Amino acid sequence: MAESVAKYVVCPKCQQQSMTNIMISANTVEDTNIRKMVFDETIFRWKCKKCGYSSKYQHPFLYNDIENRFMVYYIPYVERPKVVDQKLETEFADLAGIRKRIVPDINSIKEKIAVFEKGINDMALELTKLAVSDVVAKETSHNVYAGYFTDMDEEKNSISFQFFVGGERRSYIQTTRLEVYKRSLDIVRRYFPKENRKPGFLNIGRAWASSALEKYKSSGR
Ligand SMILES: [Zn+2]
């Protein structure tokens with residue numbers, strides 16, 4: 001069942017304090033609306049009871065997809081490679097093979113959900129994204145600030161990402177052949193087979209992919 005905590009929030013507009021319920025965890029089986037609430041971000045919105053002012057409210061949230069066997073723990077701005085939460089480890093200790101992830105932003109929580117629902121290996125996806133991101137940086141001569149999975153099409157043999165490039169964070173769609181993902185999957189299976197069995201919630205993003213790529217290169221291949 002969804003778990004909430006009551007918090008006092010001071011309205012930035014009317015300065016009045018009011019009690020608000022913050023949802024801190026939910027699972028897709030009992031809380032059937034939760035996926036929609038994450039994707040339309042209503043779960044991260046707060047509304048002042050006094051003046052009606054509404055704004056984004058970033059707070060930690062644990063998304064638990066029981067059927068697809070994964071959990072995504074959104075911790076705003078988290079940078080650590082791993083978070084071990086004793087309470088959660090005890091609570092879910094018997095559930096072997098559950099993929100547990102931490103993500104630093106709302107776009108990433110949506111991305112992980114979409115990726116795991118499609119049965120995609122997120123480690124291989126991040127390695128693919130890193131390679132494609134380098135191509136985009138070269139093609140546009142701009143820094144790439146972020147990138148997210150958008151689609152995988154077996155028939156068209158393609159995988160697509162949306163990147164945000166340059167000072168204006170312009171949206172840039174880049175598609176590549178599925179072989180790049182398959183090659184990445186091969187690297188993950190051969191060089192990081194135990195990664196998913198480690199305790200705790202892993203931060204599998206760009207930093208992980210960069211360090212994994214370094215390890216792979218220094219392994220002598
Ligand atoms: Zn207010």
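**Metal site**

I find the zinc ion coordinated by Cys-11 (SG), Cys-14 (SG), Cys-48 (SG) and Cys-51 (SG), at 2.3 to 2.4 Å; donors are N, O and S atoms within 2.8 Å of the metal (3.2 Å for Na, K and Ca), and water is not among the atoms, so sites may look incomplete. This is a predicted model, in which local features need pLDDT of at least 70 and side-chain atom pairs count only at pLDDT 80 or more, while totals for chains, interfaces and linings use all residues. Residues are numbered from 1 along each chain as its sequence is written, and side-chain values use heavy atoms, with hydrogens and water left out.

I looked up the angles next: the four donor atoms subtend 106 to 111° around the zinc ion, which makes the arrangement tetrahedral (for four donors, all angles between 85 and 135 degrees). Along the chain, the zinc donors follow the spacing C-x2-C-x33-C-x2-C.

My search of the whole structure gave one cavity of 30 Å³ or more, a cavity being a set of points on a 1 Å grid over the protein atoms alone where a 1.4 Å probe fits but cannot get out, with lining residues having an atom within 4 Å of a point. Because domain 1 (3-117) and domain 2 (122-218) both give residues to the lining of the largest cavity, I note that it lies between them; the domain bounds come from an automatic or database domain assignment.

Technical notes
On a 1 Å grid over the protein atoms alone, a cavity is a set of points where a 1.4 Å probe fits but cannot get out, and a pocket is an open set with protein on both sides within 12 Å along at least five of seven lines; lining residues have an atom within 4 Å of a point. Grid points are joined across faces, edges and corners, and a volume is the space filled by probe spheres set on the points. Four donors count as tetrahedral if all angles lie between 85 and 135 degrees; four count as square planar and six as octahedral if opposite donors are over 155 degrees apart and all others between 65 and 115; anything else is irregular.
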